[in-house]
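This briefing goes through the helices, the salt bridges and the surface of one model, topic by topic. Please keep the sequence and the structure in view while reading.

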Amino acid sequence: MGRRGILARALGGGTDPDPRFTLANERTFLAWIRTSLAMVAGGIAVEAFTSELFVPEIRKTVAVLLLLLGLVTAGGSFFRWLNVERAMRHQAPLPVPLIAPILAAGGAVVAAVLIVFVMWRPA
C-alpha cells in the first residue's frame, strides 16, 4: 500500500481542508512537540544538575514527573493533530484538547512537590 493509501486510511476520508487550516494544525502540533521537549529537557536537567539542592527522592520524583509529562504530551500531540485533521476533513466540530488538562495537572503536581519541598527545607 502506498503512502497515499496509508494517509487516506489514517485521515478517514473526507475532503482536503483549506491548506491554511492544515498548516495551522501542523504548527499547533509542533508547539506541543516543543512543549514535550521542554519537559524532557527539564526532567534531565533536574536529575543532572540538582543533586546538591534536592534530596534524591524529590529529585527523582520531579525528574520522572517531567519526563512522563514530556512522553504523554509528545504522544498525545500526534493523536490531537490526527483528530483535528479528521474533523476538518469532515467539517465536524473540533475535538476538545485532552492534552491541555493533563499537562496542566502534571505541571501543578510538579509545582506542588516543589512548594512542599521548599517549605519543608530548613533555611
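Is D16 buried or exposed? D16 is exposed, since its relative accessible area is 52%, where exposed means over 50% relative accessible area, buried means under 20% and partly exposed lies in between (1.4 Å probe, protein chains only). The model is a predicted one, in which local features need pLDDT of at least 70 and side-chain atom pairs count only at pLDDT 80 or more, whereas totals for chains, interfaces and linings use all residues. Residues are numbered from 1 along each chain as its sequence is written, and side-chain values use heavy atoms, with hydrogens and water left out.

**Helices and their packing**

- Helices here are DSSP runs (H or I, at least four residues), numbered from the N terminus, and the expected span of a helix is 1.5 Å times one less than its number of residues.
- Helix α2 has 31 residues that should span 45 Å at 1.5 Å a residue, and the distance of 44 Å between its end C-alpha atoms agrees with this.
- Helix α3, with 34 residues, reaches 49 Å from its first C-alpha to its last, close to the expected 50 Å.
- Helix α4 (residues 99–120) consists of 22 residues and reaches 31 Å between its first and last C-alpha, close to the 32 Å expected.
- In α2, the buried residues are N25, W32, S36, M39, G43 and V46, and the buried residues of this helix pack against α3 and α4.
- In α4, the buried residues are I99, L103, G106, V110 and F117; because they cover an arc of only 70° around the axis, they lie on the same side of α4, the arc being that of the directions from the helix axis to the C-beta atoms.
- The cover over the buried residues of α4 includes α2 (19–49) and α3, with contact taken as heavy atoms within 4.5 Å.
- On the face of α4 turned away from its buried side are the exposed residues A104, I115, V116, M119 and W120.

**Salt bridges**

- A salt bridge is defined as a side-chain nitrogen of Lys or Arg within 4 Å of a carboxyl oxygen of Asp or Glu, and by this rule the count comes to five.
- R89 counts as buried at 11% relative accessibility, whereas D16 is exposed.
- E85 forms a salt bridge with R89 as well, the closest N and O atoms being 3.7 Å apart; E85 and R89 are separated by about one helical turn, because they are four residues apart in helix α3, and both E85 and R89 are buried.
- Together, D16, E85 and R89 are linked in a network of salt bridges.
- K60 forms a salt bridge with E47, with 3.3 Å between the closest N and O atoms, and this pair also links distant parts of the chain, from K60 in helix α3 to E47 in helix α2, 13 residues apart.
- K60 is partly exposed, with a relative accessible area of 44%, and E47 counts as partly exposed at 29% relative accessibility.

**The loop between α3 and α4**

- H90 lies in the loop between α3 and α4 and counts as partly exposed, at 41% relative accessibility.
- H90 touches L11, G12, G13 and G14, not counting residues up to four places away in sequence; H90 and G14 are 5.2 Å apart in space, C-alpha to C-alpha, although 76 residues apart in sequence.
- Q91, which is in the loop between α3 and α4, takes a positive phi of about 50° just after α3, although Q91 is not a glycine.
- Most residues other than glycine have a negative phi.
- Q91 is exposed, with a relative accessible area of 63%.

**A nonpolar surface patch**

- V64, L68 and L71 form a nonpolar patch on the surface, with about 280 Å² of accessible area together, as given by the Shrake-Rupley method with a 1.4 Å probe, where for residues only the protein chains shown count as cover.
- Such patches are made of residues with over 30% relative accessible area and no salt bridge, with nonpolar side chains (Val, Leu, Ile, Met, Phe, Trp, Tyr) joined within 5 Å and like charges within 9 Å.
- V64 is placed in helix α3 (residues 56–89) and counts as partly exposed, at 43% relative accessibility.

Definitions and conventions:
Helices (H or I, at least four residues) and strands (E, at least two) are DSSP runs, numbered from the N terminus.
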